[in-house]
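Keep the structure open as you read.

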Amino acid sequence: MGRPDDLLVQNVMVSLQLGLLIFLAFLFRKRREIHGSLMFSTLLLFGGIALFFALLSFVPIFRIEGPETFYRFGTAATTGLSVCIGAAVLLFATAPRTRWPYLLAAGCFVLNDAINGLLIRFDLSYPATEMIGSLNPILTFIAAFVIQFALLALLVSPVARRSKTTARRAGG
């Protein structure tokens, strides 16, 4: 029996959250400020991950040099999380009406941490790892692609645009 993946939640959820942010960006494509904030907020997701690995790789006080320094892994994660949440709050504060997507992206980190904590608390890390690891990669990719494609096609389809135009002309 193997060990559970300690980063399972972060690895799986960030992909889903990225899909959500991109979907929302397409949904708000007519509102340029919100669309831009949604697209730029994806940088927070990947920037947080990149910052975490940069801290582990390049900053001596975060570098893991053996089992006795493994606690630095958590310290680097907390530091990266704090920087991302701080950046999101600062960006949001400059224009709250159009920059709420930054808080949404930062909230993803908090949500992932909460889910991970629940998995650990209820001893479900190994079953979750086993379930995710048992999925067929090709079928999973195809299912995710079909779902994303269908959602995006629905957003940009001429039928959806025509029904919105008809509703506006009718006064509704």
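Helices here are DSSP runs (H or I, at least four residues), numbered from the N terminus. A pocket is found on a 1 Å grid over the protein atoms alone: it is an open set of points where a 1.4 Å probe fits, with protein on both sides within 12 Å along at least five of seven lines, and its lining residues have an atom within 4 Å of a point. The model is predicted; local features need pLDDT of at least 70, side-chain atom pairs count only at pLDDT 80 or more, and totals for chains, interfaces and linings use all residues. Residues are numbered from 1 along each chain as its sequence is written, and side-chain values use heavy atoms, with hydrogens and water left out.

Start with the largest pocket. H3 gives the largest share of its lining, 7 residues. Helices H1 (8–27), H2 (32–58), H3 (71–94) and H4 (100–121) each supply at least two lining residues. The lining has 24 residues, and Leu7, Gln10, Phe52, Phe73 and Ala77 lie nearest the centre. By class, 12 are nonpolar, 9 polar and 3 charged. Here Ala, Val, Leu, Ile, Met, Phe, Trp, Tyr, Cys and Pro count as nonpolar, Asp, Glu, Lys and Arg as charged, and the others, Gly among them, as polar.

What lines the second largest pocket, by class? Its lining has 13 nonpolar, 6 polar and no charged residues.

Now look at the loop between H2 and H3, where Thr69 sits. Thr69 counts as buried because its relative accessibility is 7%. Buried means under 20% relative accessible area, exposed over 50%, and partly exposed in between (1.4 Å probe, protein chains only). The Thr69 side chain reaches the backbone nitrogen of Glu65 at 2.7 Å.

Turn to the rings. Rings of Phe, Tyr and Trp (its six-membered ring) pair if their centres lie within 6.5 Å; planes under 30 degrees apart are stacked, over 60 edge-to-face and the rest tilted. The structure holds 7 such pairs. Phe28 and Trp100 have ring centres 5.8 Å apart and planes at 75°, so they are edge-to-face. This pair links distant parts of the chain: Phe28 lies in the loop between H1 and H2, Trp100 in helix H4, 72 residues apart. Phe145 and Phe149 are stacked because their planes are at 15°, with centres 6.1 Å apart. Phe149 is exposed, at 54% relative accessibility. Finally, ring pairs link Phe52, Phe53, Phe70 and Phe73 into a cluster.

Terms used. A polar contact is a pair of N or O atoms within 3.5 Å; within protein, one must be able to donate a hydrogen and the other to accept it, and residues adjacent in sequence count only if both atoms are side-chain atoms.
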